[in-house]
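Notebook open, structure on screen. Time to look a few things up.

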Amino acid sequence: MTAAQPTPYQCISPAAAAALIRSTPNVTIFDVRDLASYRLGHVEAAAHLAEDRFLAWSKRLDQEQPVLIYCYKGNASKTYAQMFCDFRFSNVFSVDGGYQPLAEALA
């Protein structure tokens with residue numbers, strides 16, 4: 001039996017994510033909820049990201065640039081965070097709890 005592999009991305013609290021957004025002007029923020037939910041409300045400067053647009057975004061961004069991802073509750077964002085890490089991004093964050101707690105932390 002082997003030990004579980006550590007995740008290459010960081011899961012962070014909504015408060016830590018809000019602090020990152022406020023203190024890091026070059027952070028790229030992705031909302032991976034469905035488009036209808038994104039249109040109803042999203043974090044300022046967040047881009048909507050769906051699987052069919054992932055490759056285009058991964059080619060466009062600097063791999064050293066911080067990437068912050070949120071979803072509904074903090075599960076799907078982990079999948080996208082792992083995808084960015086698989087493409088050799090080194091500064092990737094998934095927000096625990098998802099959009100609502102993050103929006104409240106930013107308010």
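**Ground rules.** I'm working with a predicted model, where local features need pLDDT of at least 70, side-chain atom pairs count only at pLDDT 80 or more, and totals for chains, interfaces and linings use all residues. Residues are numbered from 1 along each chain as its sequence is written, and side-chain values use heavy atoms, with hydrogens and water left out.

**The sheet.** I looked up the strands (DSSP runs of E, at least two residues, numbered from the N terminus, as are helices, which are runs of H or I of at least four). Five of them make an open sheet with parallel pairing, in the order β1-β5-β4-β2-β3. Strands count as paired if DSSP finds at least two bridges between them. I found four bridges between β2 and the parallel strand β4 (residues 67-70). Asp-31 is opposite Tyr-70 in β4.

**The rings.** How many aromatic pairs does a search of the whole structure find? It finds six. Rings of Phe, Tyr and Trp (its six-membered ring) pair if their centres lie within 6.5 Å; planes under 30 degrees apart are stacked, over 60 edge-to-face, and the rest tilted. Phe-30 and Trp-57 are edge-to-face, at 4.9 Å centre to centre and 80 degrees between the planes. That pair links distant parts of the chain, with Phe-30 in strand β2 and Trp-57 in helix α3 (residues 51-60), 27 residues apart. Both Phe-30 and Trp-57 are buried (under 20% relative accessible area; exposed is over 50%, partly exposed in between; 1.4 Å probe, protein chains only). I also noted that ring pairs link Phe-30, Phe-54, Trp-57, Phe-84, Phe-87 and Phe-89 into a cluster.

**The arginine.** Where is Arg-33? I found Arg-33 in the loop between β2 (28-31) and α2 (35-40). Is Arg-33 buried or exposed? Arg-33 counts as buried because its relative accessibility is 7%. Its side chain reaches the backbone oxygen of Gly-41 at 2.5 Å. Beyond its neighbours within four places in sequence, Arg-33 has contacts (heavy atoms within 4.5 Å) that include His-48, Tyr-70 and Tyr-99. Arg-33 also lies over the face of Tyr-99, 4.1 Å from the ring centre (for a charge over a ring, NZ of Lys or CZ of Arg must be within 6 Å of the ring centre and within 35 degrees of the ring normal).

Note on methods:
A polar contact is a pair of N or O atoms within 3.5 Å; within protein, one must be able to donate a hydrogen and the other to accept it, and residues adjacent in sequence count only if both atoms are side-chain atoms.
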